[in-house]
Amino acid sequence: MTEPAPSRPAALAVEDLACRFGRVQALAGVSLAVRPGEVMALLGDSGCGKSTLLRVVAGLEAPQAGTVRLDGRLVAGPGTRVPPEARGVGLMFQDYALFPHLTVRENIRFGLKGQPPAAREAADELLEQVGLAAHAGAYPQTLSGGEQQRVALVRALAPGPRLLLLDEPFSNLDRRMRDRVREDTVALLRRTGTTALMVTHDPEEALAVATRIALMRRGRIVQVATGEALYRRPESLFAARFLADAAEIPTRIAGGRAGTPLGAVPASHLPEGAPVRVCLRPEALRVGAPGDGLPAQVLRRTFLGAASVLHLGLPGLSLPLRARLPGPGPYGPGDAVGVTLVPDSVLVLPDEEAA
Amino acid sequence: MTDRDGLIDRDLDGAAPPRRAAVPVRGAPAVPAPRTRAPRAVTTGRAGRPGLLLPAWTLAAGLTALLVLAPVAALGLEALQGSGGLWPHLLAHVLPPALHDTALLLAGVGIVVVVVGTGAAWLVAAYEFPGRRLLDWALLLPLAVPTYIAAYAYLDLLHPVGPVQGAIRALLGYARPRDLVLPDLRSLPGCILLLGFVLYPYVYLPTRALFLMQSATLVEAGRSLGARPAAVFLRVALPLARPAIALGASLALLEALNDIGAAEFLGVRTLTVSIYDTWVNRSDLPGAAGLALVMLAACLGLIAVERRARRGRGYAGAAQRPRRMSRTPLSGPAALAALALGLVPVALGFLAPASYLAAEASRRLHRAGLSGAILSESLNTLVYAALATVVATILGLVVAAGPRLLGGRWHEALLRCATFGYAIPGAILAIGLLPPLAALDGLLDGASRALTGAPLAAMGLGTGAALVYAYAVRFLAVTAGSSEAGLARVPRSLGDAARILGRGPVGALAKVHLPLTWPALLGGALLVFVDCVKELPATLILRPLNVETLATHLYGEAARGTYEDGAVAALLIVAVGLLPVALLLRVSTPKVSP
């Protein structure tokens, strides 16, 4: 984990957080720092503790151990418990939690109690920016899902939180709408300079939105990195699998290399004899004419529109490999092809299960 | 998951810092300058306003629970003092027959309410026939008739020289009453039938709702497995409806135990009547307290049996809104028979007594006009019921919101204690309240004499405060229950959102929970108001001297055997009692897709 610049405290700094509900250890020693102005994604399966972490930061749950600091100020820790309303964070709920008895405008002004009138004008302006000014007098349940999402976002942003927490903010939208709303949301976050921590289970969403991604598993942070670094240089098999499907070839390190039927892959960072898995994502294979690389046979072709995926059988490999080609591609089932590895895209990772 | 709430909201020391709007003021470019975040100091010193409100809330909830439990504790203390030489007498001559009659009464009433209530519920849930919609709500009407009013009406209706027996004799050609002696209503079987046909809606209401909620697929599965409709009822629908039947029957039996008027008018010496008699006629408060403890044990036993009957089984069916069971259409004689069958309980439980009362009341009004006494009694009834409703609603909200606002097992326990009152019959509650209130009065009076030399007019017992107290304790379960149900329907994220947006727990309650739950609160308040108007035993014991309510007036006339303004008073009570029937019907009809 990279530390923020010492001159400016992290917008959010969490240390050794532990949280337990009955027998479930939701958080088991989580440490994390979010830099000012960044959008961080908390990525993980359901039940990995990411939503709990969000609720602890918001003040809706109390941790059993560890500390939470916002801009350097201790808000949760031994003997300290700042209630949610005094933390100055915003939270956008997965179900939006719009107050059904209040209009859109009243919802948005709910958090502005005790603020100068300029704040109300600013909130109205925000509503205008997201194209909902015409709906200000409507009740939330009369709006579409996408409109409700925007109201929830504006409501969370209106009081000017130092940190915005988003709990699966796009999961209630259908796929077509999700991409656009996602872009609009990111644009608004950037425009308002808001630091954000977003919970998601969708790696694609995390990659699209976040400056950095914190990958969680079983109440712990597994890896924190930029999206590209996490995708291209996952530190564990779990991280590699979470970001993308891959064919895995179990083997051992010999002479600083991991041997596979497709050739040996350099892996000097791993100890001699260590069990590893060589992960071949579709982009790690280049498919060419027969004779160009190892001989292979096309078993099946799945056409996805913009691309197609070839399932390839190779001598010496029990499971098929997958390769991605743009468009429909020139090959069909039964065709003989040649396959070569793209060394940069091959991942060699310690085999946690074999150990 | 529930006590996760308990982890939050404890420490409220941090004062809410001012927030800044996130967007530029009008006219500024869309991209704002980087915001300056005001540094906010952690205040861990003096607690702010919410910091004081929350302990106050806990205190209020605790006091409410204490108010409910005080009469029970007092009963125990009173009974321990012994009743001189009278307790052996009570044990030998009063308790055994009272227990015997009460047991028989409960068994009989239980059978009648279960058979009539379940049968009626199945009739309107499973069959379609002309008049079914009418029957749907008409079957609830007996709820408007308190047991003592039904007894009052039927005593006159079925009197040997009354209209019914007269008509039968005329039909059969007998001239004098003694030529044809019909079974007397004033007997245990008479009391059982009467209570049964007035109290069956307690079973009908939840059972009907459960039949309507039952997924069509369960019944269809039964049919497809070869069971005939009658077998489906017995083997699928009835076992599935068991918790609703158990709940309804236990409520009906608690009402039967609570009844004092009907049993006394019909000459059945139940425990309640014995308690009242022991206190009023023998002036034996410890003895009455001892009997009351026995009766309280019976009530708790009933509730335990009901809990047991519901335990551990799955009844709810699928989580999604189920498809409603389609009703079997009936036509011709079958439809007519169904309608006639369904009308029997309505006629016996409501139409007959209500129309008798209407006729008697109008005759009385024609002859003597509206007496001043009735007006002042109506006012008394209204004032006490309204005061008690306000108190019960506020206290109910306080105890029901405790677990939500503050969380934790502690508040959950307080809520359970505070809603214990529904299990305490009015007579027991009143007897239990007498000693502490008398002690309090004595204390205040003594203090007044010591300080000013002047005696103090009675405080608790003399002013009707005791009556309001008893009503509130007895019906707190209704308001707390409806508050709890209403609050539970507000998604947790809404409360969380209010907190995140800067409101404290009490602010969230006021701005989010209350606006979303007020229909449930009003519904609960209406039920309590009507229950207070109908309440008889506690009113009889605790009303201030020379104060009459509609219910006590009716009791007095019936006890004396006079029938002056009684019918008018009874009709007024029944009219008020009709108010919540519509509400109950709406609330208990599950929303399922057609």
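Two strands pair if DSSP finds at least two bridges between them. That idea is needed to read Thr251(A), which stands opposite Val276(A) in β15(A). The model is predicted. This briefing looks at the sheets and domains of chain A, then at the helices and domains of chain B.

**Chain A: domains and record**

- Chain A is divided into domain 1, made of 12–88 + 161–238, and domain 2, made of 245–350.
- Between the C-alpha centres of domain 1 of chain A and domain 2 of chain A lie 34 Å.
- An unreviewed UniProt entry places the feature "domain: ABC transporter" at residues 12–243 of chain A.
- That span, residues 12–243 of chain A, is 34% helix and 29% strand. Its end C-alpha atoms lie 25 Å apart.

**Chain A: the six-stranded sheet**

- Strands of a sheet pair through backbone hydrogen bonds, either parallel or antiparallel.
- Here an open sheet is formed by six strands of chain A, in the order β7-β8-β9-β3-β10-β11. The pairing is mixed.
- Which strands sit at the edges? They are β7 (89–92) and β11 (220–226) of chain A, and each pairs on one side only.
- From one strand to the next, the twist averages 20°.

**Chain A: strand β15 and its partners**

- Is strand β15 (residues 275–280) of chain A mostly covered or mostly exposed? Mostly covered: five of its six residues are buried.
- One partner of β15(A) is strand β12 (residues 247–254) of chain A. The two run antiparallel and are joined by six bridges.
- Another partner of β15(A) is strand β21 (residues 347–350) of chain A. This pairing is antiparallel too, with four bridges.
- Here Cys279(A) stands opposite Leu347(A) in β21(A).

**Chain B: overall make-up**

- Chain B has 24 helices and two strands.
- It has 594 residues, and 47% of them count as buried.
- Take the contacts in chain B between residues at least 6 apart in sequence. Of these, 83% join residues at least 24 apart.

- Chain B is divided into domain 1 (74–213 + 241–312 + 337–369) and domain 2 (370–594).
- The centres of domain 1 of chain B and domain 2 of chain B, taken over C-alpha atoms, are 23 Å apart.
- How many residues does each domain give to the contact? Domain 1 of chain B gives 48 residues, and domain 2 of chain B gives 37.
- Several helices each supply at least two residues of the domain 1 side, among them α1 (49–80), α10 (242–258) and α14 (332–368) of chain B.
- The largest share of that side, nine residues, comes from α13(B).
- By residue type, the domain 1 side divides into 39 nonpolar, four polar and five charged.

**Chain B: one residue up close**

- His366(B) lies in helix α14 of chain B.
- Why does His366(B) count as exposed? It has 8 C-beta neighbours inside 10 Å, and the cut-off for exposed is 12 or fewer.
- His366(B) and Gly76(B) are 290 residues apart along the chain. Their C-alpha atoms are separated by 51 Å.

Note on methods: Residues are numbered from 1 along each chain as its sequence is written. Chains are lettered from A and ligands numbered from 1 in the order in which they are written. This is a predicted model: local features need pLDDT of at least 70, side-chain atom pairs count only at pLDDT 80 or more; totals for chains, interfaces and linings use all residues. Domain bounds come from an automatic or database domain assignment. Two residues are in contact if their C-beta atoms, placed from the backbone, lie within 7 Å. Ala, Val, Leu, Ile, Met, Phe, Trp, Tyr, Cys and Pro count as nonpolar, Asp, Glu, Lys and Arg as charged, and the others, Gly among them, as polar. A residue is buried if 20 or more other C-beta atoms lie within 10 Å of its own, exposed if 12 or fewer, and partly exposed in between; C-beta atoms are placed from the backbone. UniProt positions are given in the numbering used here, feature names are shortened, and annotations may be inferred rather than shown by experiment. Axes are lines fitted to C-alpha atoms, for helices over the stretch in contact, and angles run from 0 to 180 degrees between N-to-C directions.
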